[in-house]
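Thanks for coming; I have one model to go through today. Please look at the sequence and the structure on the screen first.

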Amino acid sequence: MNRLVIEADRTERQYWRDLWRYRELFYFLAWRDLLVRYKQTVIGVAWSVIRPLLTMLVLTIVFGKFGHMPSPGVPYPLLVFCGMLPWQFFSTALSESGNSLVANTNLISKVYFPRLVVPASSIITSFVDFSISAVFLALLMIWYHFTPAATVFLLPFFIALAFALSFGAGLWIASLMVHYRDFRFIVPFIVQFGLYISSVGFQTSSVVPAKYRLLYSINPIVGIIDGFRWCILGASQPLYLPALGLSLAATILLIITGLRFFRGTERTFADII
Amino acid sequence: MTASAISVENLGKRYVIGHQKSKDDGLRHALEQLARAPARWFQRGSVRATRPAKREFWALRDVSFDVKPGEVLGIVGRNGAGKSTLLKLLSRITAPTEGRIQLEGRVASLLEVGTGFHPELTGRENIFLNGAILGMTRVEIKRKFDEIVAFSEVEKFLDTPVKRYSSGMYVRLAFAVAAHLEPEILIVDEVLAVGDAQFQKKCLGKMRDVSARSGRTVLFVSHNMGALANLCDSACWLEKGRVRQVGPTRSIINDYLTQNGPSRDRVLPLASLPRTSGGDGRLKLTGIEWLSDFPLRHGEPMRARIDFETYSAIEDVTIGLGFANIEGTRLLTYDSDFVDGTRPTLRQPGRHSVVVTIDSLPLAPGVFNLDLGGKSSDNHSLDYLPGAAQLEVIPGPSTPGSIVRPDGGVRLSGGWSWDIAEEPAVLPA
């Protein structure tokens with residue numbers, strides 16, 4: 001028989017075991033969000049494709065045609081789409097997981113389960129969108145008769161990095177949102193500005209001057225976007241290692257501090273939310 | 001193994017009042033504090049001393065009790081006595097401020113029926129979702145799926161989104177899932193207040209099975225004294241966050257009912273009573289004043305004015321008054337649209353009142369619970385106060401035509417006349 005002891009001012013030792021016990025809840029919450037998302041829409045899942053497609057078209061026209069951004073060696077739409085892929089994933093994961101606790105108020109105030117499940121499962125939901133977009137990218141590459149570089153096998157590493165970065169940032173936003181609903185307004189700003197500030201619509205190496213490159217790479221998503229391009233598009237998109245290092249460092253930092261902050265505030269979620 | 005399944009020692013939970021509105025909270029304050037941090041390092045102490053103390057409130061304090069394995073413990077207490085807080089602490093939704101809880105075995109809690117049900121999902125999908133939220137594994141849910149469906153009696157609508165369910169179906173399905181959990185300890189809040197009487201009975205039976213057959217420990221909160229007496233071996237009476245008395249259910253219920261005797265005041269304020277269910281904030285019942293004889297008299301006219309406030313325009317308003325017995329079973333309902341279907345539309349926000357008259361009060365002498373409520377045309381609850389007060393009905397000079405007894409029986413006016421054979425007769429068999 002398992003014994004459970006609850007004491008004031010002490011974090012539970014059982015937490016990680018509970019997380020394992022509730023592992024299926026990750027799946028069920030993500031499954032619920034996916035099932036519900038396109039209920040009562042006419043074209044349903046097609047929205048997952050249309051959203052990144054339209055953004056790509058807009059960026060291609062604005063940056064490529066009007067802005068004459070250079071895209072050496074690859075068709076411009078491919079360059080944009082390779083940047084869009086991680087960016088879209090990061091931004092939806094960030095907003096969804098940031099909102100997730102507040103959106104599940106009824107659960108949090110009425111049932112116990114490790115709260116970590118909630119933001120984590122909303123990232124899984126965003127990952128499904130990501131996968132759909134990835135298939136679309138494959139089609140786009142076939143259209144352009146573009147063979148992916150051999151480095152494409154390293155892509156899972158960058159996907160994992162994007163996953164971890166969104167999770168770390170999502171934990172922060174989610175627990176802050178419980179206390180301060182201000183973040184409901186802050187997050188859309190981050191997402192909106194981020195699209196233009198990050199190297200989604202252009203190639204970092206040909207637009208950002210070399211002396212500012214390191215400074216520019218403080219934005220952790222830059223290293224990931226460049227990594228995606230390097231993996232998929234190959235040698236025309238050289239990997240800038242300091243940027244990758246910065247992304248890695250930021251991700252680890254966010255995950256560690258995010259987990260600590262989340263665990264620290266978790267006990268009071270039900271009282272405050 | 002120790003002797004108790006649940007052991008609670010000196011448990012306490014403190015809340016900070018007005019947390020949401022307090023100036024000390026909110027992002028601006030947090031940022032301000034952060035910006036001022038360097039300054040504070042230099043003048044440590046002085047700044048901190050000037051900070052206003054937040055108002056604190058102990059929802060629960062010094063609570064200790066033990067529950068033996070297989071025991072069913074009922075928890076009684078008035079609204080705001082700390083019952084819900086206790087359940088939240090036991091089910092780990094919130095953490096205690098002080099004290100210790102020790103639980104032996106898997107805990108499942110049911111603080112609300114259908115937590116996590118999603119209106120857009122079908123009954124089938126919701127069974128899986130809700131089961132997972134309550135801590136069941138997918139294999140477990142699959143194994144019990146047919147049983148759950150049979151218990152809920154909604155087979156035909158399994159593939160219909162639950163937003164199209166009637167509220168009865170919804171509750172049945174939700175309870176069916178919860179009833180098939182197999183925890184060693186089950187914690188149940190006032191979930192049976194919903195659902196029809198027949199289903200309530202079925203649920204009570206199921207809960208009884210849970211504890212009797214498999215030796216599970218159950219903690220049960222209810223205002224329904226009948227259900228408590230029926231189900232629980234012993235009871236714990238909470239008052240103002242502390243344990244007032246623990247003992248056999250019957251004696252606790254008796255003491256509790258004696259203590260919380262009938263209201264002696266002709267005017268009863270309602271605005272500050274805690275609302276546990278219903279209401280969307282458009283209307284609030286603020287008070288009731290008895291205009292006729294008080295205490296109420298059996299068989300005599302009863303008149304009362306119900307005051308309420310509205311905060312926006314509401315169409316087709318009905319105010320309702322009901323009497324229930326001490327166990328919480330409704331005996332009499334009298335809604336303002338009952339006689340002629342009049343449902344006024346209240347265009348202006350403000351204070352309104354309505355006077356209710358019953359020509360001859362049919363309630364038999366005894367003590368009753370007063371239920372008050374308001375609803376709008378679409379049967380949408382505007383405000384609901386079950387057990388707003390306890391009222392005593394005293395004998396009157398006359399006997400009304402029909403009488404409603406506290407056990408729910410009704411004596412009607414009319415009669416029976418007999419025609420009895422005087423001679424034996426031979427009848428064909």
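I will go through confidence, the contact between the chains, the sheets, and then the helix packing.

First, the conventions. This is a predicted model, in which local features need pLDDT of at least 70 and side-chain atom pairs count only at pLDDT 80 or more, while totals for chains, interfaces and linings use all residues. Residues are numbered from 1 along each chain as its sequence is written, and chains are lettered from A and ligands numbered from 1 in the order in which they are written.

The model scores ipTM 0.84 and pTM 0.74. pLDDT is the predictor's confidence in each residue, from 0 to 100. Chain A averages 88, with 98% of its residues at 70 or above. Helices here are DSSP runs of H or I with at least four residues, strands are runs of E with at least two, and both are numbered from the N terminus. Within chain A, confidence is lowest in strand 1, residues 3-7, at a mean of 80, and highest in helix 7, residues 155-179, at 94. Chain B averages a pLDDT of 82, and 89% of its residues score at least 70. A contact means that the C-beta atoms of two residues, placed from the backbone, lie within 7 Å. Residues 19-23 of chain B also stay under 50, and for them the model has five contacts beyond four places in sequence.

Two strands pair if DSSP finds at least two bridges between them. This is an open sheet of four strands, ordered 1(A)-4(B)-1(B)-2(B), with antiparallel pairing. Its edge strands are strand 1 of chain A and strand 2 (56-67) of chain B, each pairing on one side only. Strand 1 of chain A is joined to strand 4 of chain B by five bridges, and A:Ile6 has B:Ile101 as its bridge partner. Strand 1 of chain B, residues 6-16, pairs with strand 4 of chain B over five bridges, antiparallel; there B:Gly12 stands opposite B:Glu98.

A second open sheet lies in chain B, where four strands run in the order 10-11-13-16 with antiparallel pairing. Strand 10 (267-269) and strand 16 (350-358) of chain B stand at the edges with a single partner strand each, so one side of each is left without a neighbour in the sheet. Seven bridges join strand 11 (residues 283-290) of chain B to strand 13 (residues 302-310) of chain B, and B:Trp290 stands opposite B:Ala304.

Elsewhere in chain B, strand 18 (residues 381-394) pairs with strand 12 (residues 296-297) in the parallel sense over two bridges. Strand 17 (residues 366-375) of chain B is joined to strand 18 of chain B by nine bridges and runs antiparallel to it.

Last, helix packing in chain A. Helix 2 (residues 23-37) of chain A and helix 6 (residues 117-143) of chain A pack at an angle of about 50°, with their axes 8 Å apart. That makes helix 2 of chain A oblique to helix 6 of chain A. Axes are lines fitted to C-alpha atoms, for helices over the stretch in contact, and angles run from 0 to 180 degrees between N-to-C directions. Angles under 35 degrees count as roughly parallel, over 145 as roughly antiparallel, 65 to 115 as roughly perpendicular, and the rest as oblique. Helix 3 (residues 46-66) of chain A also meets helix 6 of chain A, where the axes come within 9 Å and cross at roughly 65°.
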